[in-house]
Amino acid sequence: MLADRVKKIKPSATLAIDSKAKAMKASGIDVISFGVGEPDFDTPEYIKEAAVKAMKDGFTKYTAVGGIDSLKDAIREKLQRDNNLTYAREEIIVSCGAKHSLYNIAQALYGPGDEVIIPSPYWVSYPDQVLLNDATPVFVKTFEDDSFLIRPEALAAAITKKTKALILNSPSNPTGMLYDRASLEKIAELAVKHNFYVVSDEIYEKLVYDGAEHISVASFNSEIKARSIVVNGLSKSYAMTGWRIGYAAGPSDVIKAMTNIQSQSTSNPNSIAQKASVAALTGPQDFMSAMHAEFDARRKFLVGQLNTIEGMTCRMPAGAFYAFPNTSGIYGRKFGDRIIANSNDLALYLLEEANVALVHGAAFGDDNYIRLSYATSLDGIQRGVERIRETLGNLKDGR
Ligand SMILES: *Cc1c(COP(=O)(O)O)cnc(C)c1O
């Protein structure tokens, strides 16, 4: 008999679509994937060299559970430089990916009776991490017309005595939206007034476009900083998804609890990847501007194209590498006997009939949308969009 907690959760929908698309590819089908949430760039050479050096130097043993001092210091410098945030070593933990840091936070903070506010649409793992720790996710709907930013009055209405934390993700996966300073200040005020934590997932920090500014909510004042846990990692900004290095910065009591949890679960993150991450954070950063320019070109192209497809409308995302078009105009249409009634039907139809992989919005909490990652070549985007256009053109009005 399995434990009750596993009945509450489901496998990550984004990883599920990805494995289905990979299986189709393996069987010889030419699948174009907009499904994956990882950069299609290779890890820069200087980072790989640091890993090779670490191995040759014999840096292949257990390290301190919460990460080596040189990496903690590189992270502290990064937080100071990029986010105007000052942290001591004991306020930093390095984990096996940002997802692991988020899970450690969930274990350290959430328990039975606690409510955790999650703006919807949300990243797929937030609700399940809350559920795995017997707490209750409280969803607050956000709207396209508000650029998917949480309305302060909606947030205020969701706060109760049981509110333990708010999980913020800016820039957002899946919407690509970015919080501006004024909105974040209102959120910070509410967090301080009602004394709950803000878990700020800033993994897409480096991917903001059109000169927009990423702001860390923790940077406003010491009161909000004392209630913030900033989560970030190397996966997205350095094309290092497979290396599994992420980190969190926050109050020392929370970080200490997370470190204790880590000491009894995974122990330290990979020693070699830690050395590579020091090189990534302290080495030349010019690779990032090339990656950024490429993502920006794809973003403009993809969103422009999606808006020319009948039944779809797509806002221009300000960050990350996802387009999140509204597809509700397509629902109700038919392909033979098959009715496309929701985002899941649409994603399956496009996977089977167009061999295009993307993720249904319902997985992120909003059925009116689908998510397309543009972490794929411009040529692939071009061909994929044409397939989508053609395949949707075969649908007949069902009403
Ligand atoms: C990719 C992603 C993460 C996790 O990244 P890892 O460091 O690879 O674990 C966390 N949050 C969001 C929103 C992401 O898209």
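This is a predicted model: local features need pLDDT of at least 70, side-chain atom pairs count only at pLDDT 80 or more; totals for chains, interfaces and linings use all residues.
Arginine 244 comes out as partly exposed because its relative accessibility is 34%, where buried means under 20% relative accessible area, exposed means over 50%, and partly exposed is whatever falls in between (1.4 Å probe, protein chains only). Arginine 244 sits in the loop between strand E7 (228–233) and strand E8 (246–249). Helices (H or I, at least four residues) and strands (E, at least two) are simply DSSP runs, numbered from the N terminus. The phi of arginine 244 is near 60 degrees, a positive value in a residue other than glycine. Asparagine 355 also has a positive phi, about 55 degrees, and is not a glycine either; asparagine 355 is in the loop between H12 and strand E12 (356–357).

Residues are numbered from 1 along each chain as its sequence is written, and side-chain values use heavy atoms, with hydrogens and water left out.

Two cis peptide bonds are worth a look. One runs from serine 120 to proline 121, with omega near 0 degrees, and proline 121 lies in the loop between strand E3 (115–120) and helix H5 (125–131). The other runs from asparagine 173 to proline 174, with omega near 25 degrees. Proline 174 belongs to the loop between strand E5 (163–169) and helix H7 (181–194), and with a relative accessible area of 0% it is buried. Leaving aside neighbours within four places in sequence, proline 174 is in contact (heavy atoms within 4.5 Å) with Pro121, Tyr122, Trp123, Tyr322, Phe324, Phe364 and Arg371. As for phenylalanine 364, it is 190 residues from proline 174 in sequence, yet the C-alpha to C-alpha separation is 7.2 Å.

Tyrosine 322 turns up again in the sheet: its bridge partner in E14 is serine 373. The sheet is an open one of 3 strands, ordered E9-E14-E13, with antiparallel pairing; two strands pair if DSSP finds at least two bridges between them. Strand E9 (322–323) and strand E13 (359–360) stand at the edges with a single partner strand each, so one side of each has no neighbour in the sheet. E9 and strand E14 (residues 370–373) run antiparallel and are joined by 2 bridges.

On to helix packing, with axes taken as lines fitted to C-alpha atoms, for helices over the stretch in contact, and angles running from 0 to 180 degrees between N-to-C directions. Helix H2 (residues 45–56) and helix H10 (residues 271–282) have axes that come within 8 Å and cross at roughly 140 degrees. H2 and H10 are therefore oblique to each other, given that angles under 35 degrees count as roughly parallel, over 145 as roughly antiparallel, 65 to 115 as roughly perpendicular and the rest as oblique. Tyr46, Ile47, Ala50, Ala51, Ala54 and Met55 of H2 make the contact with Ile272, Lys275, Ala276, Ala279 and Ala280 of H10. By class, these residues are 10 nonpolar, no polar and 1 charged, with Ala, Val, Leu, Ile, Met, Phe, Trp, Tyr, Cys and Pro counted as nonpolar, Asp, Glu, Lys and Arg as charged, and the others, Gly among them, as polar.

Helix H12 (residues 343–353) packs against helix H13 (residues 378–393) at about 110 degrees, with the axes 10 Å apart, and the two are therefore roughly perpendicular. Here Leu346, Tyr349, Leu350 and Glu353 in H12 meet Ile388, Thr391 and Leu392 in H13. This contact has 5 nonpolar, 1 polar and 1 charged residues.
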